[in-house]
Amino acid sequence: QVVRGRRPPGPAAPAMRFGKKLALQVMDDQSGAPYLSHKPMKEAINRTVRELRIYQARVQGVEQGHHDGGAADNGMAPAPASPAELGELEERIAALDRQLFALVDEDLSRIHQHVRRGEARLQAKLAAMQCHLMDATLLVGEAQLERLEGVLPAGAEDRSALCRRLIELRMQSDPPSSARELDGMVAEYNALVDVASQHAQYLEINVAGFRKLLKRHEKQIPQKFRSRPMPCLGFHRLVTHTSRQLLELTKQLAAVLADARQRFEEVVSPEEVEHLLRAFGGQWLELAEFKGLGPECEMVLNIQRKLKDPMSSQLMQVTASFSGPGPGCPGFLYPKPGAARPSGSPAQAKGGQPPPAAPASVEPAFMAEFARPGGYPLAQAGVGAHAAPEAMRAGFPGADRQWRGARC
């Protein structure tokens, strides 16, 4: 039954092919960043598959010749391939596979170097913004808190309350300056989100490309001709610990600014808030939304979490390396984000029901390091002015790690 006034639903628009999506992103990216060589890699796999089909046809000819006792079919069947010819075909296929992974190694090395440069750029912007937030007392350093506690008659029992009171006093003492500072920091944050989003998109498109190509390689190239052990998860290293920390910090700064705006509207009279906002067009500048890592990168983190568990790791590795006729085993460790788990996976060990989904993000290691007595994690819930970890100024853990090569 067709509802009057509504058009019947039509077919869904076809999803954009990955090659076109990659080409569009490369075209939009004016930074000259290196991307994976999708087309050359795809062509390399296709050449290997063509040689493999020739090899399989010759092997079947040899087997058929043995079965028929060497008799030709009316003299029309080609002569069976000799062992030397089969050996030459095998070496040609193996050489093509080595060429593919030489290209993979080269691309991973170039892309990882660019990821490190992107991290340095993002880290510099985060550090600059942290300084501005500390100047406005929206972030309070531990040393500053200790000096403040030293001049108080009695030590502060609740540092969160002390931070909140500090920012409220500053806002009440000079609302116009506080409003301008907030507006300027939101504009600075929005520019930071642009840089962070570019970094996250760069990781996402390259991780997706490597996953798709390596999954196809594992499905189409028999184990006998693979020049690398499977699964090849070297591309997981692109989702670095440092990138995760920087992107998580970017998301947390939004909570700091949103909390500061709310607190400003609570401690300043509504009439004055309305009057001050007229200078900004009657409302606050919109705070840009930052989504963080994409689904491909989150899937990488999810797989790495599972591989760290001894039981899950052993079962997943055995299932992934199984080269028998069972469906779903090749490409087991290259799952598409959001795809159903293959049967027999560790997720269905009990009663066929998958376990609860893992959290989308993991708390950065340095957050736990700086959440010691006397300091508070950035963007702690319910805290108006936040204690600031020194990680941005001192450098992030893992930032000085050297790339150890991109071999799978």
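Buried means under 20% relative accessible area, exposed means over 50%, and partly exposed lies in between, with a 1.4 Å probe and protein chains only. At 23% relative accessibility, Phe280 therefore counts as partly exposed.

The model is predicted: local features need pLDDT of at least 70, side-chain atom pairs count only at pLDDT 80 or more, and totals for chains, interfaces and linings use all residues. Residues are numbered from 1 along each chain as its sequence is written, and side-chain values use heavy atoms, with hydrogens and water left out.

**Overall architecture**

The protein contains 12 helices and 2 strands; these are DSSP runs numbered from the N terminus, helices being H or I with at least four residues and strands E with at least two. From the N terminus on, the order of the elements is α-α-α-β-α-α-α-α-α-α-α-α-β-α. Of the 408 residues, 42% count as buried. Contact means heavy atoms within 4.5 Å. Among contacts between residues at least 6 apart in sequence, 81% join residues at least 24 apart.

**The nonpolar core**

A nonpolar core is a set of buried Ala, Val, Leu, Ile, Met, Phe, Trp, Tyr and Cys residues joined through side-chain atoms within 4.5 Å. The largest one has 82 residues, of which Leu138, Tyr189, Phe210, Phe235 and Phe264 touch the most other members. Helices that each supply at least two residues of this core include H2 (38–67), H3 (83–135), H6 (175–220) and H7 (241–267). H6 gives the largest share, 18 residues. Leaving aside neighbours within four places in sequence, Phe210 is in contact with Leu36, Met41, Val104, Asp107, Leu108, Ile111, Phe235 and Leu238.

**Packing of H5 and H6**

The axes of H5 and H6 are 5 Å apart and meet at an angle of about 115 degrees; axes are lines fitted to C-alpha atoms, for helices over the stretch in contact, and angles run from 0 to 180 degrees between N-to-C directions. H5 is therefore roughly perpendicular to H6, where angles under 35 degrees count as roughly parallel, over 145 as roughly antiparallel, 65 to 115 as roughly perpendicular and the rest as oblique. Arg170, Met171, Gln172 and Ser173 of H5 make the contact with Pro175, Ser178, Glu181 and Leu182 of H6.

Arg164 is also found in helix H5 and, at 22% relative accessibility, is partly exposed. Its C-alpha lies 9.6 Å from that of Ala260, although Arg164 and Ala260 are 96 residues apart in sequence.

**Aromatic pairs**

Rings of Phe, Tyr and Trp (its six-membered ring) pair if their centres lie within 6.5 Å; planes under 30 degrees apart count as stacked, over 60 as edge-to-face and the rest as tilted. The count by this rule is 6 aromatic pairs, including the two below.

| Pair | Centre to centre | Angle of planes | Class |
|---|---|---|---|
| Tyr55 and Phe225 | 5.3 Å | 80 degrees | edge-to-face |
| Phe280 and Trp284 | 6.3 Å | 20 degrees | stacked |

Tyr55 in helix H2 and Phe225 in the loop between H6 and H7 are 170 residues apart, and their pair links distant parts of the chain. Tyr55 and Phe225 are both buried. Trp284 is buried too, with a relative accessible area of 13%. Ring pairs also link Phe210, Phe235 and Tyr334 into a cluster.

**Backbone details**

The peptide bond from Met230 to Pro231 is cis, with omega near 0 degrees, and Pro231 is found in the loop between H6 and H7. Thr137, in the loop between H3 and strand S1 (139–141), has a positive phi of about 60 degrees although it is not a glycine. Thr137 counts as buried at 10% relative accessibility.
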